[in-house]
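I opened this notebook to record what I looked up in one protein model. The entries follow the order in which I consulted the structure.

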Amino acid sequence: MKTQTKTIGLIGGMGWESSKLYYERLNKKVNEVLGGSHSAKIILISVDFNEIEKFTFDNNWKAIGNIMAKCALQLERAGADMIVLCTNLIHLVSDAITEHTTIPFVHIADATGEVIQKEKVKNVLLLGTKYTMEKDFYTNTLISNYGLEVNIPNAEEREKIHGIIYNELLKGVFTEDSKQTFIDIIESSSGKGVEGVILGCTELSMLISKSDLNIPVFDTGQIHVDKAIDLAIHNTLS
């Protein structure tokens, strides 16, 4: 019986390091599930991150939403069956995508919440840019939809994390010092009752691995990929 997989529409470039990882993981996952010479059906639109970064620092989320809506509409018109946004933070404007398109949008926080719930972990630490940690678009989904208790690092730690993400990870720089900074923050939180950690920036999985820690690590990028592939292969889109 011939397998008819759905086409995944990706909005990437935020930054391109994690978009590259998405592309690789999607193809590997399809081949892992279907075998043979199977690879993923993908349409990719990649934005100029400099533009997104400027609007982010200006708190101009409306402008970012307009860019995402345009990209999503392009993907739908090009024949994508679903939309996957290759970043955690820009899900803050996901409403702009869903309001302008008719195909399903695969939300990274929902995919992550489902996995954490299945693992029966209740108390989690969320790491990401300061916007992801401090704004409620991500935590509200995890709390309201999945009953999780979501913690974030203190203000000083949040600034350190944010700086490492923007000044290093998004530029393809991964150092042992920065890795240890994250490990120290996570271990400090685990001593306060945190049961698992969410890598809420898709580049973080290139810095920290599950083997570095003694608590469950939820790699949002991989979780997002797994969800998209499940939908693409089993045709459970609605």
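**Entry 1: basis.** I note that this is a predicted model, in which local features need pLDDT of at least 70, side-chain atom pairs count only at pLDDT 80 or more, and totals for chains, interfaces and linings use all residues. Residues are numbered from 1 along each chain as its sequence is written, and side-chain values use heavy atoms, with hydrogens and water left out.

**Entry 2: helix 1.** I looked up helix 1, residues 16-34. Helices (H or I, at least four residues) and strands (E, at least two) are DSSP runs, numbered from the N terminus. The expected span of a helix is 1.5 Å times one less than its number of residues. For the 19 residues of helix 1 this gives 27 Å, and the end C-alpha atoms are 27 Å apart, which agrees. Gly35 follows helix 1 and has a positive phi, near 70°.

I then asked which residues of helix 1 are buried. Buried means under 20% relative accessible area, with a 1.4 Å probe and protein chains only; exposed is over 50% and partly exposed lies in between. The buried residues are Glu17, Ser18, Ser19, Leu21, Tyr22, Arg25, Leu26, Asn27 and Val30. Their packing partners include strand 1 (8-12), strand 2 (42-46) and helix 10 (220-234).

**Entry 3: cysteines.** A disulfide is a covalent bond between the sulfur atoms of two cysteines. Here it is counted as a pair of cysteine sulfur atoms within 2.5 Å. I found zero disulfides by this rule. Cys71 is in no disulfide, as the nearest cysteine sulfur, that of Cys86, is 11 Å away. Cys71 counts as buried because its relative accessibility is 6%, and Cys86 counts as buried because its value is 0%.

**Entry 4: cavity.** A cavity is a set of points on a 1 Å grid over the protein atoms alone where a 1.4 Å probe fits but cannot get out; lining residues have an atom within 4 Å of a point. I found one cavity of 30 Å³ or more. The largest cavity has a volume of about 150 Å³. It is lined by 18 residues, of which Met14, Thr87, Leu89, Thr129 and Tyr166 lie nearest its centre. Helix 2 gives the most to this lining, with four residues.

**Entry 5: Thr141.** I located Thr141 in helix 7 (residues 136-146). Thr141 counts as buried because its relative accessibility is 12%. Leaving aside residues up to four places away in sequence, Thr141 touches Ala109, Asp110 and Tyr146, where contact means heavy atoms within 4.5 Å.

Terms used
1 Å grid on protein atoms, 1.4 Å probe; cavity = no way out; pocket = protein on both sides within 12 Å on 5 of 7 lines; lining within 4 Å. Points joined across faces, edges and corners; volume = space filled by probe spheres on them.
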